[in-house]
Amino acid sequence: MIRFPLKTLYARLALGLFLLLVTVGISYAFLSGYTLREYQASLNQELNRDLARNLVADRNLVDEGRLNEAALQELFSLYMTINPSIEIYLLDRAGQILAYSADPARIKRKRVSLEPIRALLANQEEYPVLGDDPRSHDRRKVFSVTPVPSADAPEGYLYVVLRGEEYDMAETMARSDQFIAMGAWALAISLVLGLLAGLAVFRLLTRRLARLTDRVETFAGSDMSQAPALVRDSPAMPARDEIDHLALRFEQMAARIAAQMEQLRDKDTQRRHLVARVSHDLRTPLASVQGYIEALGLKHDRLSADERQAWLDIALKESHRLGRLVDELFELAALDARETTPSPEPFVLAELVHDVAQKHGPAAAGKRVCLDVGGQPPTAMALGDLAMTERVLDNLIGNAIAFSPKGGRVTLSLSGDDCGLAVAVQDQGPGIAEQDLPHIFEPFYRGSGGEASGHSGLGLAIAERMMTLQGGSVQAANCPSGGAQFTLRLPAAGA
């Protein structure tokens, strides 16, 4: 995949490192220059702190307690020639400039501040102390000073600027050539080395991210049916940092997506089979109704009244079957879509079982099946939707009566405790084939003999959905003595 500049994390980190190094280099150069100037000023002032006093003593500027004007002028001329890096000024007691060794055209001040002079004379160890530069209105420089003619009877000050204009010009030229060149080369080399080291470190850090990005893009471009290869060294290796955590979460997410895609494919296959089965089950009764009605229309005059009635009864029976199937389809769809939701409430399960058994009494009697309610009625109340539970019991008891032989018995057994309650519906029918047991609650699954029974195969699927929505369950099993047993379970109120 082509990545444009600054579109990758590595490029942005590299740019950030470059800007950081440039900023650090400039800051370092500025701070180094400032610190060096302060250090040089302090060193210069400390080395030359007695220069003014030594000049007075060595050049005989004081004669019999008075300032020797001739010697002072000679001193000015001498230092302008042999040491132009210093400038000498004679000040009165108010800081007024009386005489100097500098070029008169360059003098900008008529007086200098006495506060730095007094501070340096009071504390000879405090460096650097900056005083006014007579050549500038705002520049300040290190200096040496002494009272003249003496400290005991001062009439003024000999004020020596240690870094005069000539020194500044020479220093500027030196810095502009050698110092700046050396500093620029040192900064450039440091920047390049730091940048290369940083890029190597960033490469190590972003390499795993690049691998993870490639896996994500590959997975996104696939059908997402297969989880991507591991982006970590080992699935059991503990996560070392945020990148490993991210890789682990991606692997888990991709595995879930792959599993969900497989489930979606299974669901789609089931949906196709379901649509085909629904189409078949709807077409059969509908074809019967249409066939008998068309036959009645064609042969109405040739049929006896009994035959016409018999054919109408068959068409009506098939239309009822068709109506039940449509109702069950809508009911199952509503349960799967959670459009039908339970309203749990406490109720006495034993009373509901007796009521439903009494309702199915005539159907059992018509088939000469004995319908018994037994077991130990639980003292606890069940928690569930009363209407849904009644609907499930209707389905289970109706199926038990339908599959029981004449003279058989259907037993409803109650059991339970403070944690949960159960109702077992047992018949004496042929039971459930072992290969059918795992699929008995699947929609449209009828198993062995299902077609002959006339059932649509939706009743048990609806019962299972209703019990699950209530927080209960329904299970099927074969009895050792013969017949099938369906067990309905509900949580107890307050459990």
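Helix H7 has 32 residues, and at 1.5 Å a residue it should span 46 Å; its end C-alpha atoms are 46 Å apart, so the two values agree. The expected span here is 1.5 Å times one less than the number of residues in the helix. Helices (H or I, at least four residues) and strands (E, at least two) are DSSP runs, numbered from the N terminus.

This is a predicted model, where local features need pLDDT of at least 70 and side-chain atom pairs count only at pLDDT 80 or more, while totals for chains, interfaces and linings use all residues. Residues are numbered from 1 along each chain as its sequence is written, and side-chain values use heavy atoms, with hydrogens and water left out.

**More on H7**

- Buried residues (under 20% relative accessible area; exposed means over 50%, partly exposed in between, with a 1.4 Å probe and protein chains only) in H7 include Ala-315, Glu-318, Leu-322 and Leu-325.
- Glu-328, Leu-332, Ala-334 and Leu-335 are also among the buried residues of H7.
- Just after H7 comes Arg-338, with a positive phi of about 60°.

**The cores**

- A nonpolar core is a set of buried Ala, Val, Leu, Ile, Met, Phe, Trp, Tyr and Cys residues joined through side-chain atoms within 4.5 Å.
- The largest one here has 46 residues, and Leu-349, Val-410 and Leu-412 have the most contacts inside it.
- Several elements supply at least two residues each to this core, including H7 (305-336), H8 (349-359), H10 (386-403) and strand E11 (409-416).
- H10 gives the largest share of this core, with seven residues.
- A second, separate core has 19 residues, and Ala-41, Leu-55, Ile-86 and Leu-158 are among them.
- As background, nonpolar side chains tend to be buried together in soluble globular proteins.

**Leu-349 and helix H8**

- Counting contacts (heavy atoms within 4.5 Å) and skipping residues up to four places away in sequence, Leu-349 touches Ala-382, Thr-389, Leu-414, Leu-421, Ala-422 and Val-423.
- Leu-349 is also one of the buried residues of H8, along with Ala-350, Leu-352, Val-353, Val-356 and Ala-357.

**The five-stranded sheet**

- Five strands make an open sheet in the order E4-E3-E7-E6-E5, with antiparallel pairing; two strands pair if DSSP finds at least two bridges between them.
- At the edges sit E4 (97-100) and E5 (130-132), each pairing on one side only.
- From one strand to the next, the twist averages 40°.
- E3 (residues 87-92) is joined to E4 by three bridges and to E7 by six.
- Asp-92 has Gly-156 in E7 as its bridge partner.
- Four residues lie between the strands in the hairpin of E3 and E4, where Gly-95 takes a positive phi near 90°.
- E3 is mostly covered, with five of its six residues buried.

**Helix H4**

- H4 packs on the sheet, touching E3, E5, E6 and E7, and its direction makes about 70° with that of E6; axes are lines fitted to C-alpha atoms, for helices over the stretch in contact, and angles run from 0 to 180 degrees between N-to-C directions.
- H4 (residues 115-122) has Pro-116, Ile-117 and Leu-120 as its buried residues.
- Seen down the axis of H4, its buried residues fall within an arc of 100°, so they line one face of the helix.
- Glu-115 and Ala-122 are exposed, on the other side of H4.

**Two single residues to look up**

- Met-261 is found in H6 (residues 242-299) and counts as partly exposed, at 25% relative accessibility.
- Leaving aside neighbours within four places in sequence, Met-261 is in contact with Asp-223 and Met-224.
- Met-261 and Met-224 are 37 residues apart along the chain, with their C-alpha atoms separated by 7.0 Å.
- Arg-368 lies in the loop between H9 (361-366) and E9 (370-375).
- Although it is not a glycine, Arg-368 has a positive phi of about 55°.
- Arg-368 is exposed, with a relative accessible area of 59%.

Definitions and conventions. The arc is that of the directions from the helix axis to the C-beta atoms.
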